[in-house]
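Thanks for coming, everyone. I'd like to walk through one structure today. Let me put it on the screen.

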Amino acid sequence: MASSPDRGEGLQRARTLLRNVRAALAQPGHAQQRLDQIVHLIAQNMMAEVCSLYMMRDADTLELCATEGLNPAAVHATTLQVGQGLVGRIARDGTAINTNDAEKTPGFVYIPGIGEERFRSFLGTPLQRQGHTLGVLVVQNQSTRLYDEDEIDALELIATVIAEMTDAGVLEDLQSPRILTDPKMIRGTPAAEGVAIGKVVLHEPRIVIANPVAEDAGAERARLSEAMEALRDEVDRLIAHDAMDGGPGEHHDVLKAYRMFAHDRGWLRRLEAAIDSGLAAEVAVEKVQTETRARLQRTNDAYLRERLYDLDDLANRLLRQLLGMPPPGPDDLPENAILIARNLGPGDLIDYGRGPLLGVALEEGSAGSHAAIVARALRIPLVAGLKGLINDAQTDDAFIIDGDIGRIVLRPEPQVIGAYREKISLREQEEKRYAQIKDLPAITQDGVTIDLHMNAGLLSDLPGIPMSGATGVGLFRTELQYLISSRAPRRDAQAAFYSKVMDSAGGRPVVFRTLDMGGDKRLPFLKGEAEENPALGWRAIRIALDRPLLFRTQLQALLRASKGRPLSVMFPMIADPAEFYEARARLLAERDRLAARGLDMPEDLRIGAMLETPALAFAPQRFFELSDFVSVGGNDLMQFFFAADRSNERVRARYDALSPSFLSMLRKIVEQCDDAGTSLSFCGELCGRPIEAVALAGLGFRMLSMRPAAIGPVKEALRSSDLMRVNAILASALEEGRNPRAEITAYIVENLPHQAAQEMA
Ligand code: PEP
Ligand code: MG
């Protein structure tokens, strides 16, 4: 197959092919005839000996639906699983494969009877629409050669058009439409807690594009430019609206980043290039988005992957502008709506949040996404990472979302709905019970008071401080503000924010943790090198010490924010006491410098360290003596102690915090802090579980900091426990090398009020 001498000629040929394919698709007659004609046209135009079209038969299976050049008897008789062979890999990964020797390409499988042995070169590309793979289009030749850029572009263009027209129903008689009635449960990642029963509302309604090919590129460019203008206005309006709703807050920063994307010249250029190749503006938007999605999904950069949701959101808005469809909003929501989306940008969720929205279920997304941040602020459940959700969800299907454990049920059986109604009513009763003890201290049966603090980090957490029953904020994760900004927040903005946090705490203590980034928290404006093991890499205090300006700006902001009030500052991920000494010295020097300039410095400055590395548990006594306080970050401490990635469910869940070895280390930490007179707290997720919290209190922890929703259940369990008894259980288990979980659980269940014991059991 000869490649075109220049791009202009290649483009011309691709356009002619596009027109012919569209004409073939629009012809009357059976779908099979249209498909046969299309593969023939492609093969002829691209001088390929083979052109085959595979379509998704169901979520897992591809079927050969038409071929020019392979055995005709194999059509509709050959199926491949997604992931199987080169074609299955293209469907799975959503990316093209171009090889001059198919048989030697990783993943190749031999399919008997299809007759492709002779063909060495292979170019396959996915048929995608709105993130769904509908099939795979392949050309093959006998000679061993790589297909050139023009050929790849042409095949991708044709694939885009076939995908559009398939979705518009031109091949309907080939595939019978499905109506799903079976219940389906899908597990995902819990990203915002809460439980709701409602019905499905699809965020991305099926957009039907009747004419994917356009003759007049100039006219399409003009339509695009008009729609782009309208999109930018829409984003500006969103920003103005958000500011009126109490910003500037985290939403505001996110939306500003959004505005930047809407003005991105690279995006516009790619869209115009797609139009120039013969596509209608709407199809150009989808094609560019499909490519962006494929590119970003391959990257290891978590931050960039998160941005994909914003870009998807913008592309959707642009499409709606082109099609004259009003943007989604609260008025589109019926009662009891649970929103289903592949993923959701923060802008959309802010819009929807003004309506009767009960929850959000995402096929992709993650607990760290902007949408999750907004959902928590709106106090509605959000579950992310629900594989296959969109394929199975239909408008108005009954739907249960459980943001506590990260599970959804589609079209649930009446018994399941009943069980969830029960769960919701139990939650309401629980809330009432916790409300009754909200203002009581967490005092155990034998008179020991445990200070229950909350973890926070967002502007939207602040109103919750007085409501939660927390006696303070034991961990304020300052990096969350940075994670949603496209550049480092300025010192004065930081200081204003920290000051607002102290105001909201109303005199309760707040422990500010300095920037804990790196690991899974990649900052948009701080470029580090890609790391093989980011959890063990350049992160937290290591970055702070290596980037003095960034660190100093934050320390100054904290000191200025105090305006004479007491201030507690904690440094994350200390592995070597020297890191703590250095960070502490810089904070004190900053304080002295600002005091010398006449600024009002904290009346009481407490400086502490997070104990998140096993190394620090073995630090010399001097470290404990010099720290005003130590807070055990159990999430990271467990990760490093057991060498088990905290974000990998498979390995994380294997290890128990109540194993004798982990408990022994915690006991050692308690003893060292007691000896040095250092105040000690625990602020990892696990102290928000009643059994673990009681065990930690038994070990000697007197301060626990947790998510606000955990305070009620933990307080209830502590108030019904006798720590002498728990201590005895722990002592004998540790002596005999046993895990005390079963015994402590039995003890708590025995002593809780009847209703709470039933729930725990
Ligand atoms: C921890 O590691 O336990 C902790 C509280 O910090 P983060 O979860 O923010 O890493
Ligand atoms: Mg940590």
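Start with β4 and β5, residues 121-129: these two strands pair antiparallel, over three bridges. Take threonine 99 as an example. Its bridge partner in β5 is phenylalanine 122. Keep in mind that this is a predicted model.

Now the whole sheet. It is open, it has six strands, and the pairing is antiparallel. The order reads β3-β2-β1-β6-β5-β4. Which strands stand at the edges? They are β3, residues 79-81, and β4, residues 97-99. Each has a single partner strand, so one side of each has no neighbour in the sheet. From one strand to the next, the twist averages 25 degrees.

A helix packs on this sheet: α2, residues 31-45. Helix α2 touches β1 (50-56), β2 (61-68) and β6 (132-141). The direction of α2 makes about 65 degrees with that of β2.

Next, a helix pair. α13 covers residues 414-437, and α26 covers residues 711-719. They pack at an angle of about 65 degrees, and their axes are 9 Å apart. Is the crossing left-handed or right-handed? For α13 and α26, it is left-handed. On the α13 side, the contact uses Arg433, Tyr434 and Ile437. On the α26 side, we have Gly712, Pro713, Lys715, Glu716 and Arg719. By class, that contact has three nonpolar, one polar and four charged residues.

Stay with α13, and turn to charges. Lysine 423 and aspartate 402 form a salt bridge through their side chains, at 3.0 Å, N to O. Lysine 423 lies in α13, while aspartate 402 lies in strand β13, residues 398-402. The pair therefore ties together parts that are 21 residues apart in sequence. Buried or exposed: what is aspartate 402? Aspartate 402 is buried, since its relative accessible area is 0%. Lysine 423 has 27%, so it counts as partly exposed.

How many salt bridges does the structure hold? It holds 41. Here are two others. Aspartate 492 meets arginine 491 at 3.3 Å, N to O. Aspartate 492 is exposed, at 51% relative accessibility. Arginine 491 is partly exposed, at 26%. Then arginine 738 meets glutamate 736 at 2.9 Å, N to O. Arginine 738 is partly exposed at 28%, and glutamate 736 is exposed at 55%.

One last item: a network. Salt bridges link Glu479, Arg513, Asp516, Arg539, Asp636 and Arg646. That's my tour. Over to you.

How values were computed:
Residues are numbered from 1 along each chain as its sequence is written. Chains are lettered from A and ligands numbered from 1 in the order in which they are written. This is a predicted model: local features need pLDDT of at least 70, side-chain atom pairs count only at pLDDT 80 or more; totals for chains, interfaces and linings use all residues. Side-chain values use heavy atoms; hydrogens and water are left out. Axes are lines fitted to C-alpha atoms, for helices over the stretch in contact, and angles run from 0 to 180 degrees between N-to-C directions. Helices (H or I, at least four residues) and strands (E, at least two) are DSSP runs, numbered from the N terminus. A crossing is left-handed if the near helix is turned anticlockwise from the far one by less than a right angle, and right-handed if clockwise. Contact means heavy atoms within 4.5 Å. Ala, Val, Leu, Ile, Met, Phe, Trp, Tyr, Cys and Pro count as nonpolar, Asp, Glu, Lys and Arg as charged, and the others, Gly among them, as polar. Two strands pair if DSSP finds at least two bridges between them. A salt bridge is a side-chain nitrogen of Lys or Arg within 4 Å of a carboxyl oxygen of Asp or Glu. Buried means under 20% relative accessible area, exposed over 50%, partly exposed in between (1.4 Å probe, protein chains only).
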